[in-house]
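Keep the structure open as you read.

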Amino acid sequence: MQLIAGYGIEAGAWRWPGVELESFISADVFVEAARIAERGKFDALFLADTPAVTSDLATHAPQHALEPLVTLTAVARETERIGLVATSSTTLNHPYTVARQFRALDLVSRGRAGWNAVTTSHPAALLNYDAELPTREERYARAHEFIAAVMGLWGSWPDGALTLDRTSGRFADSARVAPVALKGRYVSSRGPLGLPPSPQGQPVVFQAGGGMNGLHLAGRFANAVYNNPFDVPSAVEHAAAVQQAAVHYRRPPEQMTVFNGVITSVASTRKEALERREQLDALGDLESRVAYLGHQIGVTLTPEDIDEPVHPDLLSRARANPSDPRSPLALKLAREGHTLRRILAHGPIGYHPVALGTPDEVADFLEHWHAAGIGNGFNINPDATDGLANFVDEVVPILQKRGLFRTDYTGSTLRDHLGIPYQNGLPAAYWQEGNVAS
């Protein structure tokens, strides 16, 4: 589950009635969201991050304000089971810092931490770190070395090395807590790390990145992948590619979970769900949304016509933009005669597909995707803050009744939730490849 800046994923969610206006800087808001998600037996709370101001602060909340690891440390102290996944860049950081931070979160949470490893190319973020933009190939080559170094550092304090023997005065087997001296072209670190394993060994590695570069990174190191497909065929294709990547690196494909991003809007009727979304749209930047909708179908649309269907003359010339996989849905809705406002409410310009309607309709949407073979997971993005409780209290019980979701946690760590084994250090298959850190 992901909660953007404490408000919800829609741009106007910060203005939604009942929302705490300072949610973007309130750890309490994130704690409460995690508690609700834990009540719904979610695998994890996920905080994405770009270390820069990337939105127009005149009208929009910053997407990523509170630092994720600090926020999740606060959440860890107020929750018991839910996993805690934070994004941290392999482009802008150092392996030792990331290894230390995430192991600390893993220990504080008693084995519930996950690291979403991302490469960074956003110009504003690079400027904040006085960094030049590397090529895509360089970013991913560094990422391979970086993750290997972090996992090597986690493994530098091996299982059983912490003795804590009060009688003998032996704190740890210092001969086993040894430097790793991982050195590559882009990063290096001597080690060892000064922290022992958690109950799950080390944090779960997540990966979020597209194309073959992302697949190779995931296949080599990750146990979970974030994907943002807009339709079932592309989701199925990506899930299969993730499993093939794991096989390529001699890792068990069944230990990979793909979390597909979905926006949820739940109401007592489908009409009410669409009206809810229309109200959220009205609190955001309708002018730019209408303009983008026109770009999707190849005609010029204006906000003055927001409550009118696409004019027949324009509709006769409309075509789906071949470079945007969401465009066919936009064109279909336009040809069905919906107003521009109602077309937008269906979500064709959103970053994720929208599951909207009654609790049963939202459950049907998720079941359809799941049955198709999309990697078994969803990253639920509530439209607004209250949308999370709506989903947990109304949709989750339906999924549980259908046998599609757990009725209780069966373990205490994030690895338990994802069905993956204990791990402390680099996977054995990595050493079989004859690598050091590149």
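The model is a predicted one. On the buried list for H7 are Val232, Ala235, His238, Ala239, Ala241, Val242, Ala245 and Ala246. The helix has 17 residues. From first C-alpha to last, H7 reaches 24 Å, close to the 24 Å expected at 1.5 Å a residue. After H7 comes Arg250, with a positive phi near 55 degrees.

H7 also takes part in a pocket. Helix H7 (232-248), strand E10 (257-266) and helix H13 (359-372) each supply at least two residues to the lining of the second largest pocket. So do strand E1 (44-47), strand E12 (376-382), helix H14 (385-401) and helix H15 (414-418). E12 gives the most, with five residues. The volume of this pocket is about 750 Å³. Its lining counts 36 residues, and Asp43, Phe259, Asn376, Gly377 and Phe378 are the closest to the centre. By class, 23 of the lining residues are nonpolar, nine polar and four charged.

Now turn to the cores. In soluble globular proteins, nonpolar side chains tend to be buried together. Here the largest nonpolar core holds 72 residues. Phe42, Leu72, Val75, Trp115, Trp154, Phe221 and Phe391 touch the most other members. Helix H5 (residues 136-154) gives the most to this core, with 10 residues. A second core stands separate, with 17 residues. Val290, Val299, Leu344 and Ile349 are among them.

How values were computed: Residues numbered from 1 in each chain as written. Predicted model: local features only at pLDDT ≥ 70, side-chain atom pairs only at ≥ 80, totals over all residues. Heavy atoms only, no water. Core = buried A, V, L, I, M, F, W, Y, C linked by side-chain atoms within 4.5 Å. Buried < 20%, exposed > 50% of the residue type's maximum accessible area, 1.4 Å probe, protein only. Helix = DSSP H or I, 4+ residues; strand = E, 2+ residues; numbered from the N terminus. 1 Å grid on protein atoms, 1.4 Å probe; cavity = no way out; pocket = protein on both sides within 12 Å on 5 of 7 lines; lining within 4 Å. Points joined across faces, edges and corners; volume = space filled by probe spheres on them. Nonpolar A, V, L, I, M, F, W, Y, C, P; charged D, E, K, R; others polar. Expected span 1.5 Å × (residues − 1).
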